[in-house]
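Here is a short note for your review. Please read it beside the model.

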Amino acid sequence: MSCYVWFCFSLFDICICSYSVPAGESEDHASNRKQRSKLSLQMYLQCSRSFHGTLTFRHLHLLDQVYYGQAKCMLQRVGTWNFDIFLFDRLTNGESLVCLTLELFCKYGLIELFGLDPLRLHSFLVRIQEGYRSRNPYHNSLHAADVTQAMYCYLQEPKLSESLTSWDILLALLAAATHDLEHPGVNQNFLLKNDHFLASLYQNSVLENHHWKSALSHLRESGLLSHLPIEDRHRMEERLGSLILATDISRQNEFLSRFKAHLDRKDLNMSSPEHRQFILQMALKCADICNPCRPNSLSTCWSHCVTKEFFQQGDVERAHRHDVSPLCDRHSNSVAIIQKSFISYVVEPLFVQWARFCDTPLSHCMLGYMKQNKKYWSNAGQEDLMDNAQTTCCKVLPRGT
């Protein structure tokens, strides 16, 4: 039985054991209602939106006999690069981020190692999942789940798995799950042009600072780490910020130059906390933009999702008579144009250097898929395949909360 099933049935036992008979209700009636609760809990267990940390009943296929069996089988292959996160999201009824992250916490034994309260952990992950805007075509909880799964694959690489500490692993998974938390579905340039309140809060890396601060807010409110020494918590929060801030695409050249310099000098020392943190930053950057390195069937779906979000921003800018941001004009761009440029100038330089660092089958597999997808978009020419993509990817995949 997978760790996540054990966790869910632990919640089940807690709810049933804590059941009390309301005043004025007969024991027989209470017994019948208690039995109905047992039967219904498997399909209706979920945290309330209004009262985080308490359990309510609403429709959820997570433990449904058919859907759960398939999701359980998929989790056995969670460390494979061709893991279909779209299918997993369907099987968990849009709960992919919660299910996948809990599974990884259990795989690494983080609940026991850090003395985490399972109920608080579940509540925290539900809060994180709900903090992503499901209306965003791309920057939603499914993207966060995909990045978390990719991060897990990187954590399994020998150079990382043999040197990372439990703190490193905990931080890597938390950063992956929260790295785009409360993303508004528009880029930093849009926020600055429209004098958005977020732009007034942070002088640089506006979105990334917002994701980090939102993650800290949920961590503190959930009390997930409140039992740890305050010095450890503060150090963890700063390291978490360091990882999330590294995903700012405007800092790509800065990190890439530093990475290349380390590789050229061959001076990366994984016993150094500073170097391990830097490698986790690079791993999260790779996980964040790894879509073009996935199998074509998955990569194309992601390509259309992100292009749809770009074009939605462009439509809003045009409606307000603002200059349309680069890549956001549906009249002068296409999925193919955007992807060819993105792969050539952003993805390929990063993953070539990552393959120098991790010279493994996974690294070569990612480069192979990247070349295939680059060729695919080159052959697509100027055609905009958005309508076809929405039919084959987006419309058949129900989103979660």
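**Aromatic pairs and the annotated site**

1. Trp-354 is buried, as is Phe-357; buried means under 20% relative accessible area, exposed over 50%, partly exposed in between (1.4 Å probe, protein chains only). This is a predicted model, where local features need pLDDT of at least 70, side-chain atom pairs count only at pLDDT 80 or more, and totals for chains, interfaces and linings use all residues. Residues are numbered from 1 along each chain as its sequence is written, and side-chain values use heavy atoms, with hydrogens and water left out.

2. The structure has 13 aromatic pairs. Rings of Phe, Tyr and Trp (its six-membered ring) pair if their centres lie within 6.5 Å; planes under 30 degrees apart count as stacked, over 60 as edge-to-face and the rest as tilted. Tyr-138 and Trp-302 make an edge-to-face pair, with 5.6 Å centre to centre and 85° between the planes. Tyr-138 sits in the loop between helix H7 (118-131) and helix H8 (141-155), and Trp-302 in helix H17 (residues 296-319), so this pair ties together parts 164 residues apart in sequence. Helices (H or I, at least four residues) are DSSP runs, numbered from the N terminus. Tyr-138 is buried at 8% relative accessibility. Trp-302 is buried at 2%.

3. Trp-354 and Phe-357 form a tilted pair: 5.5 Å centre to centre, 55° between the planes. They are three residues apart in helix H18 (residues 335-357), which means about one helical turn separates them.

4. Arg-294 lies over the face of Trp-81, at 3.9 Å from the ring centre. The charged end of Lys-213 sits over the ring of Trp-212, 4.0 Å from its centre. The criterion: NZ of Lys or CZ of Arg within 6 Å of the ring centre and within 35 degrees of the ring normal.

5. Which residues does the UniProt annotation "binding site" cover? The unreviewed entry gives His-143, His-179, Asp-180 and Asp-288. They span 146 residues in sequence, yet no two of their C-alpha atoms are more than 10.0 Å apart, so they gather at one spot. UniProt positions follow the numbering used here, feature names are shortened, and annotations may be inferred rather than shown by experiment.

6. His-143 lies in helix H8 and is buried at 1% relative accessible area. Not counting residues up to four places away in sequence, His-143 touches Tyr-138, His-179, Asp-180, Asp-288 and Trp-302. Contact means heavy atoms within 4.5 Å.

Definitions and conventions
Helices (H or I, at least four residues) and strands (E, at least two) are DSSP runs, numbered from the N terminus.
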